[in-house]
Each structure stands twice: as C-alpha cells, then as structure tokens.
Amino acid sequence: MAPKNRQHTISINGEAYYTAQKAEEVLSMSSSGLKYQVLVGNMKTEIPKGRRQSYYNAKDVEQVARDLQVFSLQRGRKPTKFVRVTTREEIEYIIEVSQVNIFRTEENIVDNRMEILAKNPDAYYVLKDERQILGYTAMWPLKRGKLNNMLAQTLPVKVSPEDIETFDSEKSIDIYINAIHVKAGFTREEKRFYGARLISGLTKIIENLGEKGIVIGTIAARSNTPEGIRLMQGIGFAEIEPLTPDRRTFIINVKESGTPFVMAYKEKLRKWQEEHNTATTNQPIATI
C-alpha cells in the first residue's frame, strides 16, 4: 500500500498541487491564513475533476513560504494593528503615502478627506506596528446611485461628503474602494505581507456590515497597476468595461457573488434580517 503522504501531492495539467493539509504544513499556517493567501492572489487553486476539495499550486506555496521566511528573518514577526484613522495628522500622512505611490499631487484634499471621515468614521483604516504606519485603505460607503459617477471620474477622484453614507441599520449602500496602499520602501516580501493584512482587515469590516443590517449592492474598485489588478482578481472582483481610459474597473455584485467574505457578509445579513423580521428579498440588485 502506498504511503498516505503521497496523496498530499497530485499533478494537475503537468503541475504539482498540494492538499490543504500539506499547504498548511509547509506554510505553518491555519486554514484561514491559507485562504487569505489565495484571496490576495499569491496562490492558485484548482479543484480536480471528480474531487470536492481545492488543491494549492505547489510552486506558489513554496514561493510564499520562502517570502515569509525572508520577511521573518529581516524584520521578525512584529505585531501589526488594523485600526481606524481618527486624526488629521493620520489623514495628512496617508495622503503623503498615496501621492508617493501614484506620483500625483492633489490640492485641498485634506479638508475633504476629514469631512468624509466625519461623515463615516469607518471610511479610512491604517495598518501600523509599534513604530510606524505601514499602509492604509480607503473604503467609501456611497449612497445608492452615486457609484457610476465615481467610476466615471478620471484621476484624481473627488467625492462630496453628501454622497457618503452612514452605517445605520437598514441603509442600502454601494462601496467604492478608493485605495489600498502599502508605504513605499518595503521589500517585495514585506509588501505582500502587509498587503494581505490590509485586505484581511478590509474584508472583515465589510463582512461585519451584515451584523448591522447594512445592505450592500455593489463593491467597486479601479487599478492600473499589475499588483492592483492581480489583487482585485484574487479577492473575487469581476472586471467590467471601464468608464475612463486611465484605470481598469472591477466590481463585486453582492447579490450574485460567491466570494468567501461576501458569503460571510450575506449570512450575517440574513441572520440580522431574520431577527428583525426583514425579508432578504429586499436586498437590491447591483447598479452596475
């Protein structure tokens, strides 16, 4: 009888793939950590014909393992925190991070971003360690009917605080992910690690909106960089025809999406609606 450990590696289209158990062992990672590596596009998965479980591309798994090892040796596994932006100083700093990354200067932006933050305190989050801010994400909850206007804008994107929605129960919103930026100057391994942490935090925020009874129609984002495009595709966004030539456009139609974090959101929304006697059929169809 063949040893059981041989079953942990199979060939798909001429490439080696690991079972989830094998991938977790190689990466010293939990199943949720494994899923997030797939989510951010670091690893490919396949479900072979006749099987139910996903298998993970062995080459990708080994590359992530090497990257994490290098990162650990260079900086150590210092704890990071994903927290709300609350001060003007933080807004000024993340704008500097953004302008370095996109090589663009925007005037009179700090006051506008502070007005957005005042309207919805969950619009901006930073990832930080004990020494510095490592990156940030901007998630703009929009009133229904405002998303197309946002996607039709060329850079720099401008938004009126009047278009920003609050997170009150039974509100219907769309979400525009305006930015996911890691601070410049980090190694590739650090960028991948911090980027994954930003995505993990962001998707958790969206997932937990279901617990508040917030109905999301569409989640949208744009990018013109290979990393950003790969990230959107890895998270589960579908590419649509762009309304402007400067960036590619991606959306998640929440009602139809089977992306894991969206499914978790919809389950929490379903439970909230059951507890408050609100029919799930009230969930709107995406506007895009």
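Helix axes here are lines fitted to C-alpha atoms over the stretch in contact, and angles run from 0 to 180 degrees between N-to-C directions. The model on screen is a predicted one.

**First stop: H7 and H9**

Select helix H7 (188-208) and helix H9 (260-275). Their axes come within 8 Å and cross at roughly 25°. Angles under 35 degrees count as roughly parallel, so H7 is roughly parallel to H9. The crossing of H7 past H9 is right-handed.

Next, show side chains where the two helices touch. On H7, pick Thr203, Lys204, Ile206, Glu207 and Asn208. On H9, pick Phe261, Ala264, Tyr265 and Lys268. Coloured by class, this contact of H7 with H9 shows four nonpolar, two polar and three charged residues.

**Second stop: the second largest pocket**

Centre the view on Lys35, Tyr36, Val38, Leu39 and Pro260, the residues that lie nearest the centre of the second largest pocket. This pocket holds about 580 Å³ of space, and its lining is made up of 25 residues.

Finally, colour the lining by class: 11 residues are nonpolar, 10 are polar and four are charged.

Notes. Residues numbered from 1 in each chain as written. Predicted model: local features only at pLDDT ≥ 70, side-chain atom pairs only at ≥ 80, totals over all residues. Heavy atoms only, no water. 1 Å grid on protein atoms, 1.4 Å probe; cavity = no way out; pocket = protein on both sides within 12 Å on 5 of 7 lines; lining within 4 Å. Points joined across faces, edges and corners; volume = space filled by probe spheres on them. Helix = DSSP H or I, 4+ residues; strand = E, 2+ residues; numbered from the N terminus. Nonpolar A, V, L, I, M, F, W, Y, C, P; charged D, E, K, R; others polar. Parallel < 35°, antiparallel > 145°, perpendicular 65-115°, else oblique. Left-handed = near helix turned anticlockwise from the far one by under 90°. Contact = heavy atoms within 4.5 Å.
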